Amino acid sequence: MTLTEPAIVAEGLRKQYKEKRALDGFDLTVPPGMVYGLLGPNGAGKTTAVRILATLVKLDGGRAEVAGFDVAAKPRQVRRRIGFTGQFAAVDEVLTGRQNLRMFGRLFHLGAKDAVRRADELLEQFDLIDAANKGVKEYSGGMRRRLDLAASMILAPQVLFLDEPTTGLDPRSRNEVWESIRSLVSQGTTVLLTTQYLDEADQLAERIAVIDRGRVIADDSPAGLKNRIGGDRIEVVAYQTADLPAVAKAVSRAASAEPEIDDEGRKVHAEVRDRVAALTEVARSLQDQGLAIEDIGLRRPTLDEVFLTLTGHHAEEEEGVVA
Amino acid sequence: MSTPSIVRPGADAGGRPEMDVDGLGQRLHWAVADSWTIVRRGLTHYVRQPSNIAWQLGFPIVSVLLFGYVFGSAMSVPGGGDYREFLMPGMFGMTMAMGFMNTAYVVVYDTARGVTDRFRSMPMAPSAVVTGRGGSDLIGAAMDLLVLAMTALVVGWRSDGGLPATLAAFALFLLLRFALIWVGIWLGMLVPNEEAAGSLFAVAFPFAMISSVFVAPAQMPDWLAAIALWNPVSSTVTAARDLFGNPVALGDTWVEQNALLMAIVWPIVITAVFLPLAVRRFQRLSR
């Protein structure tokens, strides 16, 4: 495999579960050495796509190559070149961190000495040396995730699949995991990462594919994607519903699009270009009018807003389709 | 940050690395080596959780005390003989019969937590996940039998059958446990999560009890006796009693008269049915 050859190629992937078409013409090309984000709501097909590419699930149609090998025809060759981290920290809770990595090292067919040495290297790299001889049961969520990542990195894979690596983690653990992922990328590993958080994709990925109903509907750099979906939002929460029209008027002066009024949440929100200037202007204008408000702030577009912009429909929450 | 000591496979511009050539011999080698790694994992579990062994053996040991001493005086063995002598092979059989729950539990745990998926995404021999499980469960079962046999010796149980027959009896117990490994793996992949795995006790308990473990089926109501007689656990326990030279309480039904034969046939039948079912379940994971 040469440097210019893509790390992952998927062409027209199809996968049908009983009632549900999980993938419906899924195309993706990931250049080597890049972090690629797969962004989408639950049930969009992210997990199915990753599981097919990691040789865990058979595809019904289409073709996929990972690290230069066809996933259907040469699964063993693919498995020697990938790391896979699923939605749970897939480590043995009874064993210690060190025992886990040695076991997985042996199962990656390292010799006994190499497995021991590699385990120690990874424990150091993922900052788990102090907990190396503790049972994984005693690990925090973030530590488990890091051990899980370490286990995926035993063979220094060409391609690493991360399926929602920070779902269910507290913010601190999430940052730890992000740090680990960044350091992996600096070593040249290609990463395909799925996430439900725009923020996470933005933080980690050089390119983001948005997936909806089993196909890629947008494929762009984070900046390009943000251009298409509009910038940040300003959000003002009023004390009374009656104040909302006046608040909306104040917001509209600084907004780059028509403000939206949410009666139920007593909220007005609108897209803004210049974040800080807009915040200052709206706050001043509200103060000049003597309008008391409960809260004001800037926020990123939510995944739902991304979807609304890109697809014209809200992100669908469908559970239990991706086994 | 340390420099990885591992050479990235396939990274060299020259010919394919040697490890991509999969000869039959090499695949067999890895199937055995990987199984052994999984066996060692199971054994490490035993070492790291000694309390689990206590729990697992607690039930038969408490049963020995309850049935041997509390109810024992009221128990009679048809055809005569000491009840505790009669009971002990039953305890061995019960422990083997309920052992499939341990197998199922680990399988449920691994599948629910994604460990099975991690194994499947690795270049290891896929069969090792199953054979390694079986290997470590058999070693665990042998350790259970050892501890139980020592307990039995303490309460006065003896084998009068001589060494070959005694070893043969223990081999029959392990054969039953071996067959039940596949039941455990199959059930473990049917059950969705660890909580639900607890309900397997509802299957294991009657399976072990409605048998000749505690009393001779002849002493049960007819309909229950029929189930107990044809329970594979009964055949193993009855054959072992005979081999140990313990009281047997043999009825005149065909299945009792041919207990030794059935103690070998039953495990073969169970394996023949459940091994393919377990393998098929495992393959269905990739659907």
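Colleague: How many bridges join strand E1 (residues 8-16) of chain A to strand E4 (residues 61-66) of chain A, and do the two strands run parallel or antiparallel?

Modeller: Please bear in mind that this is a predicted model. E1(A) and E4(A) run antiparallel and are joined by five bridges. Within this pair, the residue opposite Val9(A) is Glu65(A) of E4(A).

Colleague: With which strand does E1(A) pair over seven bridges, and through how many residues does the hairpin pass?

Modeller: In the present case, strand E2 (residues 21-30) of chain A pairs with E1(A) over seven bridges, in the antiparallel sense. Here Lys15(A) faces Leu23(A) of E2(A) across the pair. The hairpin that links E1(A) to E2(A) passes through four residues.

Colleague: Into which domains is chain A divided, and what distance separates their centres?

Modeller: The assignment gives domain 1 of chain A as residues 8-227 and domain 2 as residues 231-300. Taken over C-alpha atoms, the centres of these two domains are 39 Å apart.

Colleague: Is Ala283(A) buried, partly exposed or exposed, and in which helix does Ala283(A) lie?

Modeller: The way to read this is by counting neighbours: a residue is buried with 20 or more other C-beta atoms within 10 Å of its own, and exposed with 12 or fewer. Ala283(A) has 16 other C-beta atoms within 10 Å and is therefore partly exposed. Ala283(A) belongs to helix H10 (residues 275-288) of chain A.

Colleague: Which residues touch the most other members of the largest nonpolar core?

Modeller: That core has 150 residues, and the ones that touch the most other members are Leu53(A), Val66(A), Leu147(A), Phe161(A) and Leu192(A). H7(B) supplies the largest share of the core, 14 residues. A further core, of 14 residues, lies apart from it and includes Ile234(A), Ala238(A), Ala255(A) and Ala278(A).

Colleague: With which residues is Leu147(A) in contact, leaving aside its neighbours within four places in sequence?

Modeller: On that basis, the contacts of Leu147(A) are Ala89(A), Val91(A), Gly97(A), Asn100(A), Phe126(A), Leu128(A), Val136(A) and Tyr139(A).

Colleague: How many residues does the contact take from chain A and from chain B?

Modeller: In general, the size of an interface is often given as the accessible area lost when the parts come together. Here the description is by residues: 38 residues from chain A and 31 residues from chain B take part in the contact. On the side of chain A that touches chain B, the elements giving two or more residues are helix H2 (75-79), strand E6 (82-85), helix H3 (97-107) and helix H4 (112-125) of chain A. H4(A) provides the largest share of that side, five residues. By class, that side holds 17 nonpolar, 11 charged and 10 polar residues.

Colleague: How many helices and strands are there in chain B, and what box do its C-alpha atoms fill?

Modeller: Chain B has 13 helices and zero strands. Along the principal axes, its C-alpha atoms fill a box of roughly 80 × 40 × 35 Å. Of its 287 residues, 43% count as buried. Among contacts in chain B between residues at least 6 apart in sequence, 81% are between residues at least 24 apart.

Colleague: Is helix H11 of chain B mostly covered or uncovered, and which residue with positive phi follows H11(B)?

Modeller: H11(B) is mostly covered, with 12 of its 13 residues buried. The buried residues include Pro232(B), Arg241(B) and Phe244(B). Among the elements that cover them are H10 (222-230) and H13 (259-284) of chain B. Gly245(B) follows H11(B), with a positive phi near 75°.

Terms used
Residues are numbered from 1 along each chain as its sequence is written. Chains are lettered from A and ligands numbered from 1 in the order in which they are written. This is a predicted model: local features need pLDDT of at least 70, side-chain atom pairs count only at pLDDT 80 or more; totals for chains, interfaces and linings use all residues. Two residues are in contact if their C-beta atoms, placed from the backbone, lie within 7 Å. Ala, Val, Leu, Ile, Met, Phe, Trp, Tyr, Cys and Pro count as nonpolar, Asp, Glu, Lys and Arg as charged, and the others, Gly among them, as polar. A nonpolar core is a set of buried Ala, Val, Leu, Ile, Met, Phe, Trp, Tyr and Cys residues joined through C-beta atoms within 7 Å. Two strands pair if DSSP finds at least two bridges between them. Domain bounds come from an automatic or database domain assignment.
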